[in-house]
Amino acid sequence: IDFLVAATGGKRTLEIKRGNKTQSVDVTIPPGVEAGAKLRVRGVGHADPHAAGRQGDVILTVHVRPHPLFRRGDASRSEQPRDLYFDLPITIAEAINGSKVDVPTPTGTATIAVPPGASSGSKLRLRGQGCQTTPAGDLYAVLMIKPPPADAITDDDRAAIDRLGAVTRVRTDGHWPASASTDAN
């Protein structure tokens, strides 16, 4: 099934063949179903040898196609499987000044506020916009600051960036060397 159907739920029609007969069956996909889950469709399998006139069940194994933007929460990362994540590329200006950005959600679009001074890797939450389970999961935008192309930066831009770099405190927790080598080997 599609990733978004797995996240939000829905119905799919399957063709079940038994001998020369084909039967269309509607299958309900519960919201938040995970890859590998088993779904039971009652009464559409082969004849039950233990009960005359009764059809057995069909057990379906769910396979979920990956999505180009979204991923499910991963328990190995201490994330909830009902939550969804995606990388949100932002410019340096959006990170420094803050901005409002329209982002995709499983059911449409939403506007998210990037706070001034945002850093790469920060997560912004859209409550209730993840898998439509009970309770609903959240959607997290993981900020990824993208610099402009090197050939687009002027000498004045470089000077301004150097001034900003001089007042930005990083690597100050005592685990880093006092100064880094500027040799390019």
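## A buried aspartate and its partner

Asp 138 is buried, with a relative accessible area of 11%, which is under the 20% limit for that class. The structure described here is a predicted model.

Asp 138 forms a salt bridge with Arg 125, and their closest N and O atoms lie 3.4 Å apart. The two residues come from distant parts of the chain, 13 residues apart: Arg 125 belongs to strand E9 (123-126), while Asp 138 sits in the loop between E9 and strand E10 (139-146). Arg 125 is partly exposed, at a relative accessible area of 40%.

## A network around Asp 57

A network of salt bridges links Arg 40, Arg 42 and Asp 57. Within the pair formed by Arg 40 and Asp 57, the closest N and O atoms are 3.0 Å apart. This pair also connects distant parts of the chain, with Arg 40 in strand E3 (residues 38-41) and Asp 57 in the loop between E3 and E4, 17 residues apart.

Both residues of this pair count as partly exposed: Arg 40 has a relative accessible area of 48%, and Asp 57 has one of 27%.

## A link from the start of the chain

Asp 2 and Arg 65 meet through their side chains in a salt bridge, at 2.6 Å from N to O. Asp 2 lies in the segment before helix H1 (3-8), and Arg 65 lies in the loop between strand E4 (58-61) and strand E5 (71-72); the two are 63 residues apart. Asp 2 is partly exposed at 35% relative accessibility, and Arg 65 is partly exposed at 48%.

## Overall count

Terms used:
Residues are numbered from 1 along each chain as its sequence is written. This is a predicted model: local features need pLDDT of at least 70, side-chain atom pairs count only at pLDDT 80 or more; totals for chains, interfaces and linings use all residues. Side-chain values use heavy atoms; hydrogens and water are left out. A salt bridge is a side-chain nitrogen of Lys or Arg within 4 Å of a carboxyl oxygen of Asp or Glu. Helices (H or I, at least four residues) and strands (E, at least two) are DSSP runs, numbered from the N terminus. Buried means under 20% relative accessible area, exposed over 50%, partly exposed in between (1.4 Å probe, protein chains only).
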